[in-house]
Amino acid sequence: MANIKTSEKKSKAQSMGMHTEVLTGRTQQKFFNPDEAENFYYFGTYDVDFNKRTDLDVMNMSAPEANKEIDNLMSQGYGTIVIKNPQGKHSLGVGILNKLNLIFEGSLGYFGMGSCDGPIVRINGRVGWSCAENLMAGKVVIEKNAGSCFGAAIRGGDLICKGSVGARTGIDMKGGTIIIGGDAGAFTGFMMQRGRIIILGDVGINLGDSMYDGTIFVGGEIGSYGSDAVDAELTSSDQDWLRRKLKVAEIGEDFDVSKMKKIVAGKKLWNYDNLEPTEKKGAI
Amino acid sequence: MCGIAGLIHRGKSSNVGSELQGMLQALKHRGEDSTGYALYGDTDGKNFIMRFKVGENVGEGSSSVMEDVSVYDERKKIVDQTLAEMGAKIVKEERTLPYSLRYEIDFETKDLLDFSQRIESIPGVEILSMGKSLEVIKDLGNAKMVCDRYSLDKLVGTHAIGHARMATESGVDIKSAHPFWGYPFSDVSVVHNGQLTNYWNNRRVLENKGMRFMSECDSELIAVYIAQKMREGASLEEGMKDSLTGLDGVFTYFVATKDSLGMAKDTMAAKPLVLYESDDLVAMGSEEIAIRSVLPHEIDTYDPFDGEVKVWQI
């Protein structure tokens with residue numbers, strides 16, 4: 001097992017509550033240190049001014065053309081961009097790695113807002129499959145419905161759908177929060193590893209199937225539980241957190257969270273260990 | 001991958017040929033090995049319309065064997081003779097391409113099984129569709145190519161379903177292209193996106209019950225499966241609901257009849273479908289961009305849930 005030491009140096013990172021462990025030995029993992037921020041350059045990011053606003057009509061643009069133009073506008077310092085006529089195009093708004101106020105006046109197709117880190121996005125329409133896949137930070141709000149694989153593999157940020165979503169919402173998610181105002185389809189939270197999912201309506205079959213960790217809150221009926229998904233006690237701190245989250249999300253503020261069900265991993269499927277195969281041989 | 005699209009106008013007719021072309025062309029990135037249309041046109045309902053082929057398209061990446069046009073002519077001649085022997089009168093005849101024909105037939109029958117078996121006993125001949133309103137047109141290439149080739153853009157009717165195909169488990173040819181006719185039922189057609197894993201088990205059972213398969217495309221099973229259920233007395237919706245457990249695999253499919261259009265989605269919801277519903281129009285497709293081709297303004301759409309079956313009437 002790796003030898004874990006704790007850095008004695010009181011750093012800015014510690015005061016921010018971030019990880020400060022320094023791993024030595026087999027695992028050479030390094031955590032981001034804001035004290036060294038000046039040595040980092042996050043490629044493709046811009047300092048933008050939220051008060052600098054513009055419209056972009058993408059009606060006659062392909063998705064790559066539209067995304068390049070968004071990038072161009074950010075490079076000019078525009079911090080609020082309103083996208084007109086998205087027309088259900090796929091892969092719009094992907095790979096935005098800085099703060100940005102982005103508004104879509106219409107619906108997106110597949111993979112909208114994928115791999116983003118930081119933008120605040122409002123979509124005044126519907127989104128197709130895999131919206132905000134791999135979101136790392138920021139907030140994405142969808143005013144209507146969403147397709148399947150909503151928030152697949154997100155690592156952080158808030159992803160909010162005011163309508164209903166398809167199957168496999170939050171599949172493989174590793175952090176962050178997904179909030180659904182309506183119903184959710186089958187296999188919601190499938191293989192999720194961290195993070196939280198809140199569904200105010202009903203949810204389909206196999207909820208939380210093979211989830212490793214994380215928490216799912218459901219306000220309506222549950223079609224069926226997936227393998228290793230179990231009920232847990234809804235604590236008062238859970239309820240406080242739910243009320244806060246729903247208020248910030250501008251969704252279900254008056255919802256009675258005390259009646260919600262809380263689902264977590266039973267951890268009966270946890271049959272792995274930390275040993276590499278070669279180490280296992282040594283142990284034997 | 002494949003893409004499917006469909007629309008049904010309620011209470012009126014429209015240019016469904018052109019509309020479906022736009023929807024399928026928007027999905028061409030999902031596959032353009034072949035494209036097929038099942039169009040329900042406005043007719044007087046007196047005669048049967050039989051779309052059939054006497055050969056294959058051997059161009060455009062086809063896996064079919066080249067045949068001389070004289071072979072097609074010979075097959076057509078035998079079809080004409082067989083129709084005459086059965087007392088079926090050809091009212092109108094169109095030969096769009098050397099291998100593809102459209103007949104309007106004056107023929108009185110309620111059971112098309114015997115009729116179809118006799119026509120298809122002629123080697124190299126396959127009925128693509130049979131009905132009083134339905135016309136199945138399918139060929140190699142994308143939606144626009146097929147539409148232009150068969151001049152489908154002017155066809156007026158109430159509803160239509162179509163398919164843009166990426167060939168995966170069977171050949172690039174017309175016989176494996178969608179839509180499939182719900183043999184031997186008049187005016188029944190099916191398109192499918194997905195894979196069926198119990199194809200051979202079901203096929204053996206259905207063949208033992210007298211049903212016929214013209215290809216080795218798993219999607220054909222859906223048409224035959226639904227048709228068999230209807231033969232046994234089930235309604236279209238009952239047959240579709242039964243298919244959710246009878247068919248194994250991942251699928252989203254559409255079925256259309258003379259006056260209705262239905263969709264079914266497997267219990268894992270593994271294949272996409274976006275739906276738009278209003279009082280006078282239902283439009284659906286594998287992706288929203290298909291619907292946008294007929295409804296460019298802002299609309300409310302949604303994904304049907306797992307295991308959902310819906311049927312709409314004209």
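Trainee: Is the crossing of α5(B) past α6(B) left-handed or right-handed?

Mentor: This is a predicted model: local features need pLDDT of at least 70, side-chain atom pairs count only at pLDDT 80 or more, and totals for chains, interfaces and linings use all residues. Residues are numbered from 1 along each chain as its sequence is written, while chains are lettered from A and ligands numbered from 1 in the order in which they are written. A crossing is left-handed if the near helix is turned anticlockwise from the far one by less than a right angle, and right-handed if clockwise. As α5(B) passes α6(B), the crossing is left-handed.

Trainee: Why is α5(B) classed as it is relative to α6(B)?

Mentor: Helix α5 (residues 199-208) and helix α6 (residues 220-231) of chain B pack at about 40°, axes 11 Å apart (axes are lines fitted to C-alpha atoms, for helices over the stretch in contact; angles run from 0 to 180 degrees between N-to-C directions). Angles under 35 degrees are roughly parallel, over 145 roughly antiparallel, 65 to 115 roughly perpendicular, the rest oblique. So α5(B) is, to α6(B), oblique.

Trainee: Which residues of α6(B) make the contact with α5(B)?

Mentor: Contact means C-beta atoms, placed from the backbone, within 7 Å. From α5(B) come B:Tyr199, B:Asn202, B:Arg203 and B:Leu206. From α6(B) come B:Leu221, B:Val224, B:Tyr225 and B:Gln228.

Trainee: How is α1(B) placed against α4(B), roughly parallel or roughly antiparallel?

Mentor: The axes of helix α1 (residues 16-26) and helix α4 (residues 143-150) of chain B come within 8 Å and cross at roughly 155°. That makes α1(B), against α4(B), roughly antiparallel.

Trainee: Which residues of α4(B) contact α1(B)?

Mentor: On α1(B) the partners are B:Gly17, B:Gln21, B:Leu24 and B:Gln25. On α4(B) they are B:Ala143, B:Lys144 and B:Cys147.

Trainee: Is B:Ser176 buried or exposed?

Mentor: B:Ser176 sits in the loop between β8 (157-165) and β9 (180-181) of chain B. A residue is buried with 20 or more other C-beta atoms within 10 Å of its own, exposed with 12 or fewer, and partly exposed in between; C-beta atoms are placed from the backbone. B:Ser176 has 23 such atoms, so it is buried.

Trainee: And is A:Asp49 buried or exposed?

Mentor: A:Asp49 lies in strand β3 (residues 49-57) of chain A; helices (H or I, at least four residues) and strands (E, at least two) are DSSP runs numbered from the N terminus. Beyond four places in sequence, A:Asp49 is in contact with A:Gly77 and A:Gly79. Because 11 C-beta neighbours lie inside 10 Å, A:Asp49 is exposed.

Trainee: How many residues of chain B are in contact with chain A?

Mentor: Chain A brings 22 residues to the contact. By class, that side has five nonpolar, 14 polar and three charged residues (Ala, Val, Leu, Ile, Met, Phe, Trp, Tyr, Cys and Pro count as nonpolar, Asp, Glu, Lys and Arg as charged, the others, Gly among them, as polar). The number from chain B is 15.

Notes. Two residues are in contact if their C-beta atoms, placed from the backbone, lie within 7 Å.
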